[in-house]
Amino acid sequence: MAARVDALYFFLLAISVFFSLLIAGLIVYYAVKYRRRSPQSVGAPMHGSLLLELGWTVVPLMITMVIFVWGASVYFAMASPPDGTLNIYVVGKQWMWKFQHLDGQREINELHVPVGRDVKLITTSEDVIHDFFVPAFRVKADVLPGRYVSIWFHATRPGRYHIMCAEYCGTRHSGMTGEVIVMEPSEYQSWLSGGMAEGSLASAGEKLFLDLACVTCHRADLQGRGPVLQGLFGKTVALQNGETIVADEGYIRESILNPGAKITAGFQPIMPSFQGLITEEQLLQLIEYVKSLGAQPETPPARQTPPTAPASGETTPVRK
Ligand code: CUA
């Protein structure tokens, strides 16, 4: 993205320099040319000029429209990650950057990525607003508590690049720095396999899903008291209030921390909140686990059908 951002930036700079010199030059030139030559001289009366006024309206309009369309196209390219990105979670914290690779590697203030790959960072904060900034990549985004903000980049050259926090976040804000380490794909692979991984993020999420007993309600067989999570990610969910929502990271996060906020149509608001019980990292594990769940075994029946009583009869499904 750097070349595109720079091209726009230099265009803005060139326009500013051109008009600054033009205006300043004309002021000096006319001040000399039309200077008062005798104490009695009076300026010529002016009655406006349609051509001139149209000119100084239309020309700046066209220039600013070029800036607008150009800027918008760069912005949209930045804001929409391509498909097939390498996804990495970023958690900002006073005062460090925590990175979580899907394979399980965790890093603090260092981010290893392969060269020549589209990398998407899914960022969040566990305390205040930070801002993830890699100047060399021209990549910069506010990192917000309670939300997932995605940014992406495509590193073209191996090397080490500064990470900065670009939002004042407290005493040691200026020390909240790090490095992106861009490696050749083969080096990256050997770095990835270089120990310390405790299994993939999704498998850690699965373990948590069992430990927290989520599995007792969110069953794969449509008999659970909670919605089936298989194949949920990225789908549109019908809510009890008639609205719909796309099941993205933010929705899953909210459903874990504040389950009553968006009830899936056909279910009771019986899920307890996990606010304060799990960390940001554990939330990411659960989200990755939900993402990893494949397609639903069968399409859910209309929610009006009465639930079939479980064979063992140990629980009474409250789904309507
Ligand atoms: Cu984090 Cu400034």
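**Close-up views of a predicted model**

**View 1. An open sheet of 5 strands has mixed pairing.** The strand order is S3-S2-S1-S5-S8. Strand S3 (106-108) and strand S8 (149-154) stand at the edges, each with a single partner strand, so one side of each has no neighbour in the sheet. Neighbouring strands of this sheet are turned by 25 degrees against each other on average, direction ignored. Strands (E, at least two residues) and helices (H or I, at least four) are DSSP runs numbered from the N terminus. Two strands pair if DSSP finds at least two bridges between them. Axes are lines fitted to C-alpha atoms, for helices over the stretch in contact, and angles run from 0 to 180 degrees between N-to-C directions.

This is a predicted model, in which local features need pLDDT of at least 70 and side-chain atom pairs count only at pLDDT 80 or more, while totals for chains, interfaces and linings use all residues. Residues are numbered from 1 along each chain as its sequence is written, and side-chain values use heavy atoms, with hydrogens and water left out.

**View 2. Strands S1 and S2 run antiparallel.** S1 covers residues 86-93 and S2 covers residues 96-101. The two are joined by 6 bridges. Val90 stands opposite Phe99 in S2.

**View 3. The largest pocket has a volume of about 990 Å³.** Its lining has 42 residues, and the closest to the pocket centre are His218, Gly226, Pro227, Leu229 and Thr264. Strand S11 (236-238), helix H5 (249-257) and helix H6 (280-292) each supply at least two lining residues. H5 gives the most, with 4 residues. By class, the lining divides into 27 nonpolar, 11 polar and 4 charged residues. Ala, Val, Leu, Ile, Met, Phe, Trp, Tyr, Cys and Pro count as nonpolar, Asp, Glu, Lys and Arg as charged, and the others, Gly among them, as polar. A pocket is an open set of points on a 1 Å grid over the protein atoms alone, where a 1.4 Å probe fits, with protein on both sides within 12 Å along at least five of seven lines; lining residues have an atom within 4 Å of a point.

**View 4. The structure holds 0 disulfides.** A disulfide is a pair of cysteine sulfur atoms within 2.5 Å. The sulfur of Cys214 is 8.9 Å from the closest cysteine sulfur, in Cys217, too far for a bond.

Definitions and conventions
Points joined across faces, edges and corners; volume = space filled by probe spheres on them.
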